Each structure stands twice: as C-alpha cells, then as structure tokens.
Amino acid sequence: MIHLYAIVRGLAALPDRAGIGGAQLDAKAVDDVVAVTSILSDEPEPADGAVAHGLVVEALVDVADAVVPVRYGARFPDAAALVATVSGQLPALRERLASVEGCVELSVRLLASDDAPTVATDGTAYMQERLHAVRATEQLADAVHEPLARRARASVRHRRLDRAVVHDGCYLVERQRTDAFRSLVEAFGTDHPEVTVVCTGPWAPYNFAVAPERAA
Amino acid sequence: MSVTERRSLQEEITLLDLVDRVLNAGVVLHGDITLSVAGVDLVYVGLRVLLASVGTLEELEARSER
C-alpha cells in the first residue's frame, strides 16, 4: 500500500526524514508535479501515523518551492492507481501549487481570558448584555483579522462554537514576510491584554490546499 | 501567565494544531482510503483532538485566573 503525503513542485531533494513506520520517502513524478509517498507495511499502522504524516509535510516546506498538503488517509494499492488519481486532478493541483508557492500558513487565535460576570436581573437585560458582549467580541475579531488579511495572500476565518475562541484565522503569508506578520500579531496582543493571542506556524498551507469556493 | 507556562501552552497547542491540520485540512485525494488508524476510527481520533483542545482552553482559563 502506498501512502501519499503531499503534492509538490520544485523539490530540491527529499527531506532527511522517515515516513510512517520509519519507511523511506519516495518522490513520484506525475507530469510536472511530484507526489511524495512511502510504502506502508502490512503491520498495524503506528498510533502516531498522523503525526508522522504531518512532520513529513512540514519538512517538505523547507525543500520544495510549493507544497499542497494531502489530508491524512490517501492510500493507493500501487503506483499506477496513485498516478491515475493524481493525473485526474492535475489542473486543480497545478492551480493550487501556483497559489501557495513561496508561502506558509500562520494561524492566529484570540482566546477570551474570562467571561464577564452577568449582572442582569431579568431576561431582557440579560439578552442585551449578551448582545453587547457578542458585538464587542466581533469587533475585536475584525480588528485583529483585517490588518492581517491585508498582509496575507489569502485568509480563512473559522467559526468556532466555543465562546472562549474570539477569533480563529489562517493566513497564507509570503515566507519572507512572516517575521513582519508575527510582529503585527504580537503588537496586537500587547495592545489587548484582555485576550490571549496564540500564533502558531509557519505551517504547510493546509487550509489553502483547496480553492476557497470549494473548501468545506 | 509566566514565560514558561506560555511556552508549554504554545507547544501543546502546536501539536494539537498539527494533528488538527493533518486530519481536517489538506486536499482529499481519493485512493483506497483507510479511515482508521491502528483500528481506531478516524472520526473518533478527531473527537479526541477536539476534546483535548477544549481541555487546553479550560487549563488556559484556570491559569489566567491565578
């Protein structure tokens, strides 16, 4: 069984890293793109398979011009089946590779430090209080998102049901602009001590691997 | 939050973020898809990741109250 990690372009060399279960990585050219794979043994999959997959994808970011991460779980019985699937998706994959080229993904979350205690004594007052709180939260989310989105090639905002998550956004940022981007995030955190700002990355562009209009 | 606490929280969130991306984002290329890891349904793994994230948030709240 062949496991697929990512579709890349401009691969200098395979990363010095083992795949799932310690398997050797392999680069399979399909027309002008390259599929990075490894052979899965018949042994039960190691419990950290998903982490191993993620670490290979991250390592690829350093050695390829463009990386489109593949969601964990793409398995093919043989090379012919892999080539057939990748060939069938070539136009979309090329378009995605071009859109993420030279970029990494940064994740920015704002977490509310605490929920202000409710002082309302009746239903109407309570609802008004909640409305004010929700509006303030939305304004804060926009205040962090808009300047960041302007400095990114693309961005996505995730809706979270958890009230503690004020904002959860992913930004596709040109590699040489990540430091400036991070400074901006840090400055926002300094200006807004009422929220905790969590910035992770740089990541491979997982959230931009599918064109926005087709994304779930 | 102290610098050390902040750093360990950052590390926890980074690992969760990695797993979350691997399972929930990226292009889906249908081959012979196996939806289980070591006999555990991936949907279940996803749920575990979600619960772990909630746990991290609760911990964060508890820390910020101190």
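I count two residues as in contact if their C-beta atoms, placed from the backbone, lie within 7 Å. I am working on a predicted model.

**Entry 1**

I started with helix α4 (residues 123-150) and helix α5 (residues 178-191), both of chain A. Their axes come within 11 Å. They cross at roughly 165°. Angles over 145 degrees count as roughly antiparallel. Therefore α4(A) and α5(A) are roughly antiparallel to each other. I also looked up the handedness: α4(A) passes α5(A) in a right-handed crossing.

Which residues meet here? From α4(A) I listed V144(A), P147(A) and L148(A). From α5(A) I listed F181(A), L184(A), V185(A) and F188(A). Then I sorted this contact by class. I found seven nonpolar residues, no polar ones and no charged ones.

**Entry 2: α3**

Next I turned to helix α3 (residues 90-100) of chain A. Which of its residues are buried? I noted L93(A), R96(A), L97(A) and V100(A). I looked down the axis of α3(A): the buried residues fall within an arc of 100°, so they line one face of the helix.

What do these buried residues pack against? I found five strands' names to write down, all in chain A: β1 (2-11), β3 (33-39), β4 (64-69), β6 (103-112) and β8 (165-174).

I then checked the face of α3(A) turned away from the buried side. P91(A), E95(A) and A98(A) sit there, and they are exposed.

Last, I looked at what follows α3(A). I found G102(A), with a positive phi near 75°.

Methods. Residues are numbered from 1 along each chain as its sequence is written. Chains are lettered from A and ligands numbered from 1 in the order in which they are written. This is a predicted model: local features need pLDDT of at least 70, side-chain atom pairs count only at pLDDT 80 or more; totals for chains, interfaces and linings use all residues. Axes are lines fitted to C-alpha atoms, for helices over the stretch in contact, and angles run from 0 to 180 degrees between N-to-C directions. Helices (H or I, at least four residues) and strands (E, at least two) are DSSP runs, numbered from the N terminus. Angles under 35 degrees count as roughly parallel, over 145 as roughly antiparallel, 65 to 115 as roughly perpendicular and the rest as oblique. A crossing is left-handed if the near helix is turned anticlockwise from the far one by less than a right angle, and right-handed if clockwise. Ala, Val, Leu, Ile, Met, Phe, Trp, Tyr, Cys and Pro count as nonpolar, Asp, Glu, Lys and Arg as charged, and the others, Gly among them, as polar. A residue is buried if 20 or more other C-beta atoms lie within 10 Å of its own, exposed if 12 or fewer, and partly exposed in between; C-beta atoms are placed from the backbone. The arc is that of the directions from the helix axis to the C-beta atoms.
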